[in-house]
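Here are my notes on the model you sent over.

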Amino acid sequence: SHSTNMLLNVCFERPLAIIRSEKSSSPGKQVSSSLTMYGINEYSSPSAQRKLEVGRQNIEVKRKFLDLKTQEEARSQKTLQSKTADDPRSSEYQAVTKAAREAVERAQRELDEARNAYMNISQ
């Protein structure tokens, strides 16, 4: 354990020194830009790669959810169109169709948010 700590200290001594000096010298400046100057890419780290992977999976899930909600909306539209205006359950069909439309819009917003979050991680 002692040798592991010593090894970690040796491996991370330089990057940590760079970060510390950057933070103390210029509080407003981006530390990551200094790291790239020294050949250290913060996005090649396993944790950053994992964040990107989770972001991609999140987008995929949201896309599938949007597809599902779009199909549900199409079915409810079709059902509504097949009914006559004097159908006793006409207002019920309209309410279902409206709710389906809102679900599609909500799913689209969630997908857009997931894409934006992914873009922010990957920049």
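**Notes on the predicted model**

1. Counting from the N terminus, the chain's elements follow the order α-α-α-α.

2. Of the chain's 123 residues, 20% count as buried. The chain exposes about 9,300 Å², and 55% of that comes from carbon and sulfur atoms. As for contacts between residues at least 6 apart in sequence, 57% of them join residues at least 24 apart.

3. The largest nonpolar core is made up of eight residues: Leu52, Ile59, Leu66, Val104, Ala107, Leu111, Ala114 and Tyr118. Two elements, α3 (46-82) and α4 (90-122), each give two or more residues to this core. The biggest share is that of α4, with five residues. As a general remark, nonpolar side chains in soluble globular proteins tend to be buried together.

4. Helix α4 deserves a separate entry. Its 33 residues reach 48 Å from the first C-alpha to the last, close to the 48 Å expected at 1.5 Å a residue. The buried residues of α4 include Ser90, Tyr93, Thr97 and Ala100.

5. Is Glu73 buried or exposed? This residue of helix α3 counts as buried because its relative accessibility is 9%, and the cut-off for buried is under 20%. With neighbours within four places in sequence left aside, Glu73 is in contact with Ala100, Arg101 and Val104.

6. On the surface, Leu8, Phe12 and Leu16 form a nonpolar patch, and together they have about 270 Å² of accessible area. Leu8 is placed in helix α1, which covers residues 2-25. With a relative accessible area of 42%, Leu8 is classed as partly exposed, because that class lies between the 20% limit for buried and the 50% limit for exposed.

Methods. Residues numbered from 1 in each chain as written. Predicted model: local features only at pLDDT ≥ 70, side-chain atom pairs only at ≥ 80, totals over all residues. Heavy atoms only, no water. Core = buried A, V, L, I, M, F, W, Y, C linked by side-chain atoms within 4.5 Å. Buried < 20%, exposed > 50% of the residue type's maximum accessible area, 1.4 Å probe, protein only. Helix = DSSP H or I, 4+ residues; strand = E, 2+ residues; numbered from the N terminus. Contact = heavy atoms within 4.5 Å. Patch = residues over 30% accessible without salt bridge, like charges linked within 9 Å, V, L, I, M, F, W, Y side chains within 5 Å. Areas by Shrake-Rupley, 256 points an atom, 1.4 Å probe, with all protein chains shown as cover. Salt bridge = Lys/Arg side-chain N within 4 Å of Asp/Glu carboxyl O. Expected span 1.5 Å × (residues − 1).
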